Amino acid sequence: MINIQQFKALQKKTSDSFYLQKKSIKNILLGKNVYCQQCHKILQVKFTKDATIAHVYCAKGCTDIELELD
Ligand SMILES: [Zn+2]
């Protein structure tokens, strides 16, 4: 179990936006629709050939995230 001190430390280390991005990507990978926070278009995901990097983007390009997968 995580205690509140650890949780606070984790929050400090991890920026809100990065946390949100990870959460969004997780939802996309689960097949849920996630929308760009800026243009509200649906986010799409593409994987590199070896599936180590997920590329998440929207049609307009205001969201363009590359994330290494574990
Ligand atoms: Zn967008």
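Author: Val-56 stands opposite Ile-65 in β3. Strands here are DSSP runs of E with at least two residues, helices are runs of H or I with at least four residues, and both are numbered from the N terminus. Two strands count as paired if DSSP finds at least two bridges between them. This is a predicted model, in which local features need pLDDT of at least 70, side-chain atom pairs count only at pLDDT 80 or more, and totals for chains, interfaces and linings use all residues. Residues are numbered from 1 along each chain as its sequence is written.

Reader: How many bridges join β2 to β3, and in which sense do the strands run?
Author: Five bridges join strand β2 (residues 53–57) to β3, and the two run antiparallel. Another of the partners in β3 is Glu-68, which is bridged to Ile-53.

Reader: What is the order of the strands in the sheet?
Author: The sheet is open, has three strands in the order β1-β2-β3, and pairs them in the antiparallel sense. Its edge strands are β1 and β3, each of which pairs on one side only. From one strand to the next, the twist averages 20°, where axes are lines fitted to C-alpha atoms (for helices, over the stretch in contact) and angles run from 0 to 180 degrees between N-to-C directions.

Reader: And how many bridges are there between β1 and β2?
Author: Four bridges pair β1 with β2, again in the antiparallel sense. Among the facing residues are Gln-44, opposite Tyr-57 in β2, and Lys-46, whose bridge partner in β2 is His-55.

Reader: Why does β3 lie largely in the open?
Author: Strand β3 (residues 64–68) lies largely in the open because the number of buried residues among its five is zero. A residue is buried if 20 or more other C-beta atoms lie within 10 Å of its own, exposed if 12 or fewer, and partly exposed in between, with C-beta atoms placed from the backbone. Over the chain, buried residues make up 9% of the 70 residues.

Reader: Turning to the hairpins, which residues take a positive phi there?
Author: In the hairpin of β2 and β3, with six residues between the strands, Gly-61 takes a positive phi near 90°. The hairpin of β1 and β2 has five residues between its strands, and there Ala-51 has a positive phi near 60°. Ala-51 is not a glycine.

Reader: Is Ala-51 buried or exposed?
Author: Ala-51 is exposed, because 8 other C-beta atoms lie within 10 Å.

Reader: Where is His-40, and what is its phi?
Author: His-40 is in the loop between α2 and β1. Its phi is positive, at about 60°, although His-40 is not a glycine. His-40 counts as exposed because it has 9 C-beta neighbours inside 10 Å.

Reader: Which residues does Leu-43 contact away from its sequence neighbours?
Author: Leu-43 lies in the loop between α2 (16–29) and β1 (44–47). Leaving aside neighbours within four places in sequence, its contacts are Ser-24, Ile-28, Val-34, Tyr-35, Cys-36, Val-56, Tyr-57, Cys-58 and Thr-63; a contact requires C-beta atoms, placed from the backbone, within 7 Å. The C-alpha atoms of Leu-43 and Tyr-57 are separated by 5.5 Å, and these residues are 14 apart along the chain. Leu-43 is partly exposed, since 19 other C-beta atoms lie within 10 Å.

Reader: What does Ile-53 touch?
Author: Not counting residues up to four places away in sequence, Ile-53 touches Thr-48, Glu-66, Leu-67, Glu-68 and Leu-69. The C-alpha atoms of Ile-53 and Leu-67 are 5.5 Å apart. Ile-53 is partly exposed, because 13 other C-beta atoms lie within 10 Å.

Conventions. Two residues are in contact if their C-beta atoms, placed from the backbone, lie within 7 Å.
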